[in-house]
Amino acid sequence: MSTAASDRQRKILLALSLLLIACNLRPVFGSLSVVLPEIMRDTGLSAAGASLLTTLPILCLGLFSAPTPWLSRRFGAERVLLLALLLIGSGTLLRAAGSLPFLFASSVLAGAGIAMGNVLLPSLVKRHFARHAALMTGMYILAICIGATIATAATVPLATNMFAGAWPYALAVWALPALLVLALWLPQALRMHTEPTDPEARSGSLGRDALAWQVTAFMGLQSSLAYIVIGWLAPILRERGLESDLAGYVVAISTLSQLVTSLVVPSIAARCRDQRALAVGLTALSFAALMGLILAPLATVWLWALLLGCGQGGLFALALSLIVMRSGNAQVTAQLSAMAQGWGYMLAACGPLLTGLLHQWTGSFASSIWLIALLSAAMAWSGWGAGRNLLVRPTAGAR
């Protein structure tokens, strides 16, 4: 086989592997939300405890994003991804125990692994597929949506039909894909021989760059709304009168409809002079759809779910695209990715946490309308700033 053909095969295998890794970055969230009422019933978990359980993985996304660039520089991004997959797989498997301590430990372990994958995948796309970054970003987000959709739609049927209603085993099933991808990624990661760089080598700090903070705020705010949907939309719909399986299917349809915009928005964004109007328009669409799901007649939930998925898929795709588009090279991409996803997910955790607390204080999810409106307004403002056609500028020599 010629060298060119061999390189092409390796490139295809690398792309496929990155996409399969991306498929494992959201099942932990979507699978939990659809059986949350059963978890509360069987464990005695309060609404405040449920808020913490749904929020803890998101907090971990923020906390463990920060050290990931250092780990990548020290050991190589490909090897750190091995650790990420191991954490996701082992953390998800812990859910089989079904007890609250193991559920919370699972959230920490899986959240840490997902945080590492979130940070590293955009920089690997920038490094290995620079000429096709928009296409690979779209495919990467598509893979995330597919993983989330399958987990959301299949968890309740798995619990009912395969495990006699035992939700712990239905949750733990999602460890299997992560462990299978780990086996696929292991020989590639060891073969790549990535040269670790000096752990102290940095291109500078982004802490004083206003554009970097606007990208971070946009990333965090769209994630906050997304995790309100992932964590609480099914309970909201069940409170409104939908059966548990139907509520799960509505959330799955919303996630599935993200496939369309997540695939096309990166290419649209790359062709635009700037991305300001795109950010504000997608924010408005998502807000209107969420209001429809909370307030409109139940007969219309399928339409609102489709519109919500289109809006949120576009927002997530745009947020990840801006991380790549606002940075000049792979190292700065990793820095901006860590900043946007570190601080951004800390901000994102406020959304589902406050949603649960508001429900406990008021006895209804209707109180979340004002929270969603506030988050949407802030997202439109930050998206207008992050959408400017500029590059972030690290401050040289800063620590």
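Q: Which residues line the second largest pocket?
A: The model is predicted, its residues are numbered from 1 along each chain as the sequence is written, and side-chain values use heavy atoms, with hydrogens and water left out. Local features need pLDDT of at least 70 and side-chain atom pairs count only at pLDDT 80 or more, while totals for chains, interfaces and linings use all residues. On a 1 Å grid over the protein atoms alone, a pocket is an open set of points with protein on both sides within 12 Å along at least five of seven lines, and a lining residue has an atom within 4 Å of a point. For the second largest pocket, the lining consists of R8, K11, I12, A15, H128, F129, A130, R131, H132, L135, M136 and M139.

Q: Which elements give two or more residues to the lining of the second largest pocket?
A: Helices here are DSSP runs (H or I, at least four residues), numbered from the N terminus. Two or more lining residues of the second largest pocket come from each of helix 1 (3–23) and helix 8 (133–161).

Q: How many residues does helix 1 give to the lining of the second largest pocket?
A: Helix 1 gives the most to this lining. Its contribution to the second largest pocket is four residues.

Q: How many residues of the lining of the second largest pocket are charged?
A: Ala, Val, Leu, Ile, Met, Phe, Trp, Tyr, Cys and Pro count as nonpolar, Asp, Glu, Lys and Arg as charged, and the others, Gly among them, as polar. Seven lining residues of the second largest pocket are nonpolar and two are polar. The number of charged residues is three.

Q: How many cavities of 30 Å³ or more does a search of the whole structure find?
A: A cavity is a set of grid points where a 1.4 Å probe fits but cannot get out. Points are joined across faces, edges and corners, and a volume is the space filled by probe spheres set on the points. At 30 Å³ or more, the number of cavities found is three.

Q: Which helix supplies the largest share of the lining of the largest cavity?
A: The largest cavity has about 270 Å³ of space and 21 lining residues, with R26, A226, I230, Q258 and F316 nearest its centre. At least two lining residues come from each of helix 2 (27–33), helix 8, helix 11, helix 12 (244–271) and helix 14 (301–325). The largest share, six residues, comes from helix 11.

Q: How much space lies in the second largest cavity?
A: Residues lining the second largest cavity include V28, F29, T54, R95, Y227 and P352. Helix 2 supplies the largest share of this lining, four residues. The space in the second largest cavity is about 70 Å³.

Q: How many residues apart are R238 and E38?
A: A salt bridge is a side-chain nitrogen of Lys or Arg within 4 Å of a carboxyl oxygen of Asp or Glu, and R238 and E38 meet in one at 3.2 Å, N to O. The pair links distant parts of the chain, with R238 in helix 11 (residues 210–240) and E38 in helix 3 (residues 36–43). Their separation is 200 residues.

Q: Is E38 buried or exposed?
A: Buried means under 20% relative accessible area, exposed over 50%, and partly exposed in between (1.4 Å probe, protein chains only). R238 has 24% and is therefore partly exposed. E38 has a relative accessible area of 16%, so E38 is buried.

Q: How far apart are the closest N and O atoms of D274 and R276?
A: D274 counts as buried because its relative accessibility is 18%, and R276 is partly exposed because its value is 26%. In their salt bridge, the closest N and O atoms are apart by 3.0 Å.

Q: Where is A164 found?
A: A164 is a residue other than glycine with a positive phi, near 50°. At 77% relative accessibility, A164 counts as exposed. A164 is found in the loop between helix 8 and helix 9 (167–172).
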